[in-house]
Amino acid sequence: MREGHAKLMFFNQQTSQPIWRVEVGFKPGVVDALGESVKKSIVEDLRIDVDSVKTVDVYTIKAALDEVRVKRVATELLTDPITQISSYDGTLAKDFSKVIEVGYKPGVTDNVGRTTVEGIEDLLNIKFKEDESVHTSRLYLINGQVGEGDAKRISTGLLANPITEYYLILDERSWFARKRDDEKYFMATGEREPIVTEVDLNVDNEELMRISTEGVLSLNLEEMQKIRSYFKDPKILEERKRVGLGDKPTDVELEMLAQTWSEHCKHKIFNALIDYEENGKKEKIDSLFNSYIKKATEDVDKDWLVSVFDDNAGVIGFNEDYNLVFKVETHNHPSALDPYGGALTGIVGVNRDPMGTGLGANLIFNTDIFCFGPPDFPYEKLPQKVLHPKRIFKGVRKGVEHGGNKMGIPTINGAIVFDEAYVYNPLVYCGTGGMMPKEILGRESHVKMVEPGDLIVMVGGKIGKDGIHGATFSSVKLEETTSPTAVQIGAPIVQKKMMDALLEARDRGLYNAITDNGAGGLSSSVGEMSEFCGGCVVDLEKVPTKYPGLDPWELWVSESQERMTLAVPLDDIDEFMKVCEKWDVEATVIGEFRSSEKIDVKYENKTVLYLNMDFVHRGLSQLKLRASWKRREFKSPDFSQPADLLPDLKNILSSLNVCSKEWVIRQYDHEVQGASVVKPLVGKVNDGPSDAAVIKPLPDKGEGVVVSNGINPKFGEIDTYWMAASVIDEAVRNCVAVGANPDHIAILDNFCWGNPILSEDNPDGDFKLAQLVRATQGCYYAAVGLGVPFISGKDSFHNEYQVEDKTISIPPTLLISAMGVIEDTKKAVTMDVKRKGNLVYILGLTGNELGGSHYLMTKNLVGNSVPKLNAEAAKKLYGSLHKAIMEGLVSSCHDCSEGGLGLAAAESSFAGGLGMELNLSNVPMEGSLRDDEILFSETNSRFIVTVLPEKKADFERMLKGNVFAQIGKVRADDDFKVIGKDGKLVIDANIYNLKEAWQRTLDW
């Protein structure tokens, strides 16, 4: 299409290489859905009135193409002839007040650009040269009274992330008069020669810490001193001299040690020696992990545990032929800086953990749990470089959706927590489960093995500057000046092809071991795999890169995505390469595993890293920390019980942490792979909140996998011990509620905390650490008491944001993810009531435990009576309930958690489309409770269950010996009625009015 303007092609001034600009927009009359959505966000979120927004996609092509071929690309590849028009020799931008162009900065992964290159190559039967590429951007044509300040707010507040993207604002006149400088979009390569730098550590302590801080090494003084001492050792110096190195570490060596010794990789705080004081009592704790998490698993001692804490993910038995694999990771700091890229990297990154466990698992489900600031948080209260919570929310959702959906993995379970404490530091938990045969070609699939002489093969994506210092970056607080190189953007299509290739190679026995290139990149993956055989030698110049000019240390530690490292026997390398070629996956031999006890890294035939294996992996000193805990007291609630509790019920239903998350759930694919049994939304019209997900991964088998989670930071404000016990109980009872066998449930822990190290800059560090101590102790009590072992986990500290001289920390937050087994998926139960006349039971004892409850939260109170856990009673109840479910005695089952009995009953009722009548006098309770306390207490280990009248006797016989009672019945109409202890109605509502209150908050 010609607009009468100059052709959108010019020549690169340095190389005379043509650069073409193709624009693609919608035909007149075709709805621009993205433009309408952007307009809605500008008006509703930024409060800027605009008349219209239209969008144009831009493809800037740097390649030796003539006009004929560019026209083919524009019309045959990039344009939908039914709805779109394109231009390669003019511009589609016209009739606007302001145009904003947004695109990725040079060096940031551009997935659409990458796939466009592949499309052009296929269309024209050509191959792009190393310095040829496609850059994508988008024009937003805005009409209305939009000033320069408004346009900048729209750019930075909604359309562009200045860390990873550039933006350009012009009016119509300036747009047509602008000078074309498209070459600035592309990564400048020039003639820069990669260099290796030696770092002088023979300096005073102050200079040592400057080196650590400015280099984003995140190492403390003792660690820096230990490294300095290593390079002074005469024996070490003699060995180094033989390979051409001296007494100063190279930047490659220093960076590897920083990555390997990072909090992210070594869990230094969880393994510290802690002087702990509580109520005047003092004790020493040698490793929280060993003392409480690992010990809990040892004491539970289930025979179906296969591999725990030793690999990238935990492994448990599923049936006689298959094992299950599960891992949950956090990606908090990157998601705060770039919500889309950070979350996308989080999900595709955790996908690689089960794939890199043992010989590799086939991926069968994803989970995601998010903690955000309130979406209605005032814009004027945000510091300049902090993204608004609603933007973070939408960006994270999009990133996880793009990663999961494009990988073909169902997202089956999740949760969202809102609190102002997460405005500056959101939490993004992503989890992936997999399945693998117990044996592959006669070999146990969970066992890794590396032989000296095996080739080191890097498979998947190329290396770039993105993701450099990711591991060390996550070990410090966020600041307004944080570097963008820590942010990565994943490419799920590249990873999907890689995983398909690797599964074929696995089943053909073409490699001995596999692991993920995650934190620390090659330095971690090769370094860890070398422990199996005792050493390695690597040639860094062989690794494929996104662009030339990367220094060796960048090649070694970059966390660029979609990469795995494998140990391939020499005899199998040719067949392995053929498999990768078949799937269009890049694979490169970069070195060899040896038994030298040395990590030997070369670049252009010169040694740039030469370190003892033992020093790298076991040279780190144990941290010595101090913790002091004192119970915090909050204002005790002091108000009379309202006569009508319906307004309170509606307030809780519509509160952010209880309301329907359907807007989010519907954008994920939970049906792909065709294994879904119990879905995230259930009920009469499939919009009720399921307690857990059930999938059936083997169509010809009866067993199913059950997945759930528990998280409640509000309890942690009062006491982290009972928070930990409560969220374990919640995760387990959610599994039990749908039919999981309570004797076959494994759990994972993910701790997100502020900085728990006491210092002048962190005066309450000893209290934060004490909260961590109590949380791990609560974990031990609940896990052992309920008989559920930990199989994997992750901790993330330093979740803080520095604004000038103020540090803002998140509340202690513990996510527990549970994975269980249901013997027969046909017997799975959902939470929605099924039939009028069914009897309503409550299982479990209700106490006056409103501390941290949503009832008090709606009244801006916290309280002190945090829910506690009676693990012995809970375990007994869960066993009895499971038997009742397997016998077909339970019509519906819903756990009582956020909002208590009242919320659980209301949700079950409106999800099933039938009313309910309850009598609070019949509820088993501890002591004398008010009606509002009975309804809204969040006491643990309780369920709302419905039972057919004809099954009443059998059900009650099955539950004998537990606390339970019949408290009502399912009605035939739409009424939800609750009778108080005095015989008067305290709630008289229509279930669809309750449902509307539950759904409206996030009905975006």
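This is a predicted model: local features need pLDDT of at least 70, side-chain atom pairs count only at pLDDT 80 or more; totals for chains, interfaces and linings use all residues.

Residues are numbered from 1 along each chain as its sequence is written, and side-chain values use heavy atoms, with hydrogens and water left out.

Now strand 5. Of its 7 residues, 7 are buried, so strand 5 is largely enclosed by the rest of the structure. Buried means under 20% relative accessible area, exposed means over 50%, and partly exposed is in between, with a 1.4 Å probe and protein chains only. Strands here are DSSP runs of E, at least two residues, and helices are runs of H or I, at least four, numbered from the N terminus.

Strand 5 has partners. It pairs with strand 6 (residues 133-143) in the antiparallel sense over 6 bridges, and Lys-98 stands opposite Ile-142 of strand 6. Strand 5 is also joined by 6 bridges to strand 7 (residues 165-170), again running antiparallel, with Tyr-104 opposite Glu-165. For pairing, DSSP has to find at least two bridges between the two strands.

Strand 23 (residues 587-593) is mostly covered, with 5 of its 7 residues buried. Its antiparallel pairing with strand 18 (residues 455-460) runs over 5 bridges, while 3 bridges join strand 23 to strand 21 (residues 536-539), also antiparallel.

Next, a helix pair. The axes of helix 13 (residues 339-355) and helix 14 (residues 389-407) come within 7 Å and cross at roughly 35 degrees. Axes are lines fitted to C-alpha atoms, for helices over the stretch in contact, and angles run from 0 to 180 degrees between N-to-C directions. The crossing is right-handed, meaning that the near helix is turned clockwise from the far one by less than a right angle. Among the residues making the contact are Tyr-340, Leu-344 and Ile-347 of helix 13, and Gly-395, Gly-399 and Gly-403 of helix 14. Contact means heavy atoms within 4.5 Å.

An open sheet of 6 strands has the order 27-30-31-36-32-33, with mixed pairing. Its edge strands, each pairing on one side only, are strand 27 (676-678) and strand 33 (790-796). From one strand to the next the twist averages 20 degrees. Helix 24 (residues 720-738) packs on this sheet, touching strands 27, 30, 31, 32, 33 and 36, and its direction makes about 150 degrees with that of strand 31. Strand 31 (residues 704-710) and strand 36 (residues 813-822) run antiparallel and are joined by 7 bridges; Ser-708 has Ala-818 as its bridge partner in strand 36.

What does helix 24 give to the largest nonpolar core? That core has 80 residues, and Ile-274, Ile-728, Phe-943, Val-945 and Phe-955 touch the most other members. Helix 24 gives the most to it, with 13 residues. A nonpolar core is a set of buried Ala, Val, Leu, Ile, Met, Phe, Trp, Tyr and Cys residues joined through side-chain atoms within 4.5 Å. A second, separate core of 50 residues includes Ala-258, Val-450, Trp-556 and Phe-615.

Two residues of helix 24 to finish. Arg-733 lies in that helix and counts as buried because its relative accessibility is 2%. A polar atom of the Arg-733 side chain lies 3.1 Å from the backbone oxygen of Cys-896. The side chains of Arg-733 and Asn-940 are joined by a polar contact of 3.4 Å. A polar contact is a pair of N or O atoms within 3.5 Å; within protein, one must be able to donate a hydrogen and the other to accept it, and residues adjacent in sequence count only if both atoms are side-chain atoms.

Val-738 is also in helix 24, and it too counts as buried, at 2% relative accessibility. Val-738 touches residues including Val-678, Val-694, Val-706 and Ile-822. Val-738 and Ser-892 are 154 residues apart in sequence and 8.7 Å apart in space, C-alpha to C-alpha.

Terms used: Lists of a residue's contacts leave out its neighbours within four places in sequence.
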